[in-house]
Every structure is written in C-alpha cells, then in structure tokens.
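Student: Please take me through the model shown below by question and answer.

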Amino acid sequence: MIRILLSGTGRMGQMVGQLAGEDLRFQVVGGVHRENLSVLQNLGPVADLVIDFSHREMLPPLAAYLRRTGTPLLCGTTGLLEEHVSLLRQLGERIPVLYGANFSIGVAVLRRLAAQAAAALGEDFDIEIVETHHNQKADAPSGTARLLLEAVDPGHAHQPVYGREGLCGPRKKKEIGVHALRGGTVAGTHTLSFLGPEEELELTHRAESRRVFAAGALRAAPLLLEQAPGYYTLDQLLFEGGSHGR
C-alpha cells in the first residue's frame, strides 16, 4: 500500500483524496494546506509520496520538508514561476520529482502528438494554441497551454503572441499564437491548429471533469516510486519508463 500525504486540500486535493480512498493500493495519511503549514516543521517521514495540488507559495516550505525526509514528490500545482520550477529541478537531485501542469493521460498523448506534428510539418505550417477553462480559473494562459507551446517549440525559436489586437500586420513566420477563453464550468479544452498551404490539422483534448487529472496523478504515483532521484514528466514515465529524469 502506498501512503500519500496530500499538499493542498482544495478541489483537486479533495478529488485525489476521494479517488485514493476508493483504491486499495493507496492510503491517505494526512493533508497540509496554507493555514497549517507549520506542521511540516516537526513532521517525520510519514508517507511514501507527497501529492501536491496547492499554491506556489507552499512550495518552499514543502521543499524543506521533502529534503529533510527524502519523500518523493508528485506536483501538479499550476501557475509556477521559473524560480519554482528551478526549485523542483533542484529537489530532483535528491528525490524523485514528477511535475506536470496537467495529469490527464490524454494530454500526455496530445503533447507527444503535437511535438511530432510540429517536427513533421515544419515551417510551412503556422501554429496556434487555444485553451478554454471555467470562469474561476486564476491564471492565463493555462499551464497546459504552456506545456504544449514547449512541445511544439522546444528550441524557443518562435515568439509567443498572447492574443492579437489592432493593426498587427501580416502574421510573422516565427510566432505562435496562444489564446485563453474563460467561461462557464469548462474543466479544460486545448486545441492546437497547424495551418498550412490549403490544408489544416487540428489536435484537441477535452476534459469533462477534474476527475481525469486526479486519476492520472494516481496512475503515475506507483511509477514515480520506481524511479531514481530525478526530475520527470508524465509522458516520460508513461512512455519512456522514466530512466534518469532530466
């Protein structure tokens, strides 16, 4: 049985806890959030894994706990800045760390398909990314949109354009449009459009509920525990066996 300590007890943390409670492979041993972070200062290694769907402000004290106890981390917190991603990479030198902006298995497949499509279609095709989320989402563009942008432009050769307004002029070849729609209760829809000479290709993923993200996190949890210290992505664990991280 895998003992889980939940970091973040909001909607995603509650969903992870609910699904883990329905699965005999897991036991949730506790939860921390921004109001009770002080418990981490004296808490020992009570879990086999920490699953974090919280807020970026929680990451530094959580990282201190993980260093002290050597507990692996699965982090799905969105809205991270570069300094937080750097902290996760540093943690990966000590423990197995899995970070993902989206733990949907379908999005993991979409990311790989997007990278393959961008490489195959080349510069003759323009790329646009559109993401849609519920009207309560705080950050834009979504972490998943940023993930897909990295997939189609890993060398950062293109300029992201976040929405267009006014007399923009002709579209530049070295740009990728990234657009955010907000409304209703949409759990998450992401579409990549590859627009070429007289033909178009679209790749779309739609999530109907947050349950798919929690289920993906729990699917990845046992895989992460098999890894050596390192910084891993979801598709790396699912499709490449993890190896030595990044």
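**Strand pairing and its surroundings**

Student: Which residue of strand 9 is the bridge partner of Asp126?
Tutor: Strands are DSSP runs of E with at least two residues, and helices are runs of H or I with at least four, both numbered from the N terminus. This is a predicted model, in which local features need pLDDT of at least 70, side-chain atom pairs count only at pLDDT 80 or more, and totals for chains, interfaces and linings use all residues. Residues are numbered from 1 along each chain as its sequence is written, and side-chain values use heavy atoms, without hydrogens and water. In strand 9, Asp126 has as its bridge partner Leu195.

Student: In which sense do strand 6 and strand 8 pair?
Tutor: Two strands pair if DSSP finds at least two bridges between them. Strand 6 (residues 126-133) and strand 8 (residues 175-182) share seven bridges. Ile129 is partnered with Val178, and Glu131 stands opposite Ala180. The sense of the pairing is parallel.

Student: Which strands stand at the edges of the sheet, and why is one side of each without a neighbour?
Tutor: The open sheet has five strands in the order 7-8-6-9-10, with mixed pairing. Each edge strand has a single partner strand, so one side is left without a neighbour in the sheet; these are strand 7 (159-161) and strand 10 (199-207).

Student: How many of the eight residues of strand 6 are buried?
Tutor: Buried means under 20% relative accessible area, exposed over 50%, and partly exposed in between (1.4 Å probe, protein chains only). Strand 6 is mostly covered, and its buried residues number seven.
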